[in-house]
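Visitor: I am new to this structure and would like to learn how its descriptions are reached. Could you walk me through it?

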Amino acid sequence: MFVINCPYCGPRDEHEFGYGHEAHIARPTLEQQGTMTDAEWANYLFLRTNPKGVHFERWVHTKGCRRWFNVARHTVTHEILKVYKMGEPKPDLAPSALAENNPR
Amino acid sequence: MSAQTNRLNTGGRIDRSRVVNFTFDGKSYTGFAGDTLASALLANGVRLVGRSFKYHRPRGIVTAGAEEPNALIQLGTGARTEPNTRATQIELYDGLISESQNRWPSLTFDIGAFNGIIHRFIPAGFYYKTFMWPAKAWLFYEKFIRRAAGLGKGSTEVDPDRYDKLYHTCDVLVIGAGPAGLAAALAAGRTGARVMLADEQSELGGSLLSESTATVNSQPASNWVNDALRELAALHEVKLLPRTTAFAYYDHNSMSLVERLTDHVGPTPNQPRQRLWRIRAKKIILATGSIERPLVYLDNDRPGCMLVSAVRAYVNRYGVMPGRRIVLMTNNDTAYRTALDLANAGVTVPAIVDLRAEVTGPLAKAVREKGIEILAGHAITKVHGEQGVKDVEVARLSADGKSVTGSTRHISCDCVATSGGWQPTVHLHSQTRSKVKWNEAIDAFVPGDTIPGQNFVSIGGAHGVFDLAACLTEGYAPKRHRKSSRCVRSGSSRPRSRSVRAASISLTIRTTSPPATSCWRIAKAIARSNI
C-alpha cells in the first residue's frame, strides 16, 4: 500500500485513492478525429508506454477531496517521485536521478 | 494419565504450580503453564507425532520454534478444528485437544507406511494416473488416491470465531524481541519515539529465553530481558505485541502482522480470536534472528533427530529432556554450550561428533572436563530405530573430508541433535525485493542493500551477527541506512536511536564461531536426506 501525498489534503493511504491510468496522453482534436486512420485510433485508444521506470499517471482522491492530480511513480521501486496538479506540465526528472533509483 | 517422565526436576520458565491437561490422539497428558504442545509431548516421552506426506515415514519434533517442519498437528475439534499447526508454536491450555495427521488406523500402526516399503516403484514425481489403466479400475483406485492427498482435515463448518483488524502508524516498528530487537526498541523508545515491538512468541526475549550462561553487564541475560521489558512497558509511547507474527512487508514501509489474541487460552466466544495489524512505520527494524541448519545423514528424519538449538531450548526454557542419551553432531561451537547445559541437567551425552578435524578452545576443554567424548573429524552416517532413534553409526572422515573411512562405530542414544551453522532469517528483507548477498565468513546469505523506497534495517542474527555483545550493540545503535529521500514523507523526521549506546556488555561465553565451511558440504556428500 502506497502513501500518496494528495496536493490538496496531504499524505493519505492508497486505499483512499482511485487510479486513473497514464497521464499526458494527447487527445485528438475534432479536426484530427475526422482524418485519423484506424492505426492512429488504435494507438490512441490502446497503446500505452508501460515503462519500467518512471511512470506519469493520474490519481483521484475518491474518499477525500475527490480531486484529480498527477503522480510520477517508479514502477520498479514504487517510489512516488513527484505529485503535481492537473494541468501542470510533465516534470523533468533528471535522467541521472532516475538511473540511481533503478536498482539494476 | 501418564507422568511427565522426561521433565527435569528444576529449571525452565514454565510455571510448575499450574498443571495443564491436554489430549493427543485421544490420550490424556499433563503439562505446565508456559509449555508448548511440543515441549509437553516431549516431557511425556512422546516422540512420534506425525507421518510424512507420501511414504508415511514416522516423524517427530525437530525444532522448538516457527521453523518446525515435521510436528504438524490437527488442533481442536468440530468447527474450530485446524490442520497443520506446528506443535512448537501451540501454547498449551487446559482442555487442548490435538491429533496426529496422515495416519490410519493409528499413528504407530499406519497402513500408509506400505508406500515407504514400495518407495522404489512410486518415486518423487510419480504419476498417479498410471493407475487409470484399465479404465474401469480407476474408479476403484481413485478413492484411495484422492484420500491420500493432504495431511490434515479442514473444517466444513462455518468459522464460529470473530476476527479483528486495526490500522496503525508508528515511528519505529521492531520485528523480533530477541536481544537485538529489545535493545533497538529500548534505544528508540528512550528518545520518546512511538515504537512498536512485535514478536511471534508468548514471551519476549527470543534466544535469551533458552540461554543459561550468557551475561549482560555481569548479570544473567534473563535479568537484562526483564529489566528491558519493565522499562519498555513503562515508556508511554511503546507498544509491545507478543504473539504477533509479521508476515508481509508491503510498499512504502507498511507491514502486516497477525496477533493471536485467544489461541493460547482456547475458544473464547466473546472476544476476537485474532487481530490483523496493518502498520505503517517510518522505520522498520528487522531483528528476526536466525535459524539453525540441520546436518544430513541417513534417516535423519526419524523421531529423536533434532536441532541443537531445539534441545537447548527444551532443556533450558521448558525444563524438558528431549532424550536420556543425546548424541550431538556439529560443525561449529553451538553444540558445546548445549552439551554443557545437558550435562548440568543430568542428561547423558555419550559423544559430540564434530566434522572439524581439530577441536580446541575453552568450550571444548570444559566439555572434556565433564567427561564427554569429542569425536573430531567424525560424522554420523546413519541412525537406527524405526519409530525413534535407538543408536547412531559414527565413522571417521577421510583427510580430504569427502568420504568416510574405516569401520563404523555404534553409539546407543535416543536423541540426535545436529547443528550445521546458522541462517539469518531474511524473509521480510527479501519480500521488499532487496537482494541477499553471500557471506563467506559465516557461510550464509545475509541481507544486501535495501531497495529504495523502503526504510528498514536488519540487525542481529537476521544480519548475520551471532555474537550476543555484537547483537546488543547493533540493537542500541542500528547503522544508518541508505536514505530514501525521494520517498514522500510526512510528519517529523526519523527518530534518532544513536544517542544511546551499550554501556558495558560482557559475556562469559561467546556465541557461535564461524562454522567450518567445507564440513557442511562434506556432510551433504556422505549422506542423503529423506522425503
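Guide: Gladly! Let us start with a term: two strands pair if DSSP finds at least two bridges between them. Please keep in mind that this is a predicted model.

Visitor: What makes strands E1 and E2 of chain B a pair?

Guide: Strand E1 (residues 15–24) and strand E2 (residues 27–33) of chain B are joined by seven bridges in the antiparallel sense. The cut-off is at least two bridges, so they count as paired. One of the links runs from B:Thr23 to its bridge partner in E2(B), B:Ser28. The hairpin of E1(B) and E2(B) has two residues between the strands, and B:Asp25 there takes a positive phi near 55°.

Visitor: Why is B:Asn455 called partly exposed?

Guide: B:Asn455 has 19 C-beta neighbours inside 10 Å. A buried residue needs 20 or more and an exposed one has 12 or fewer, so a residue in between is partly exposed. That is why B:Asn455 gets this label. As for its place, B:Asn455 is found in the loop between strand E27 (444–447) and strand E28 (456–458) of chain B. Its C-alpha atom is separated by 37 Å from that of B:Arg337, and the two residues are 118 apart along the chain.

Visitor: How much of chain B is buried?

Guide: Of the 531 residues in chain B, 47% are buried.

Visitor: How do you know that helix H3 of chain B is hardly covered?

Guide: The count of buried residues among the 14 residues of H3(B) is zero.

Visitor: How many helices and strands does chain B have?

Guide: Chain B has 11 helices and 28 strands.

Visitor: Where in chain B does pLDDT stay under 50?

Guide: That happens over residues 479–531 of chain B. The scale of confidence runs from 0 to 100, and the mean pLDDT of chain B is 87, with 89% of its residues at 70 or more. The model scores ipTM 0.82 and pTM 0.87.

Notes:
Residues numbered from 1 in each chain as written. Chains lettered and ligands numbered in written order. Predicted model: local features only at pLDDT ≥ 70, side-chain atom pairs only at ≥ 80, totals over all residues. pLDDT = per-residue confidence, 0-100. Contact = placed C-beta atoms within 7 Å. Helix = DSSP H or I, 4+ residues; strand = E, 2+ residues; numbered from the N terminus.
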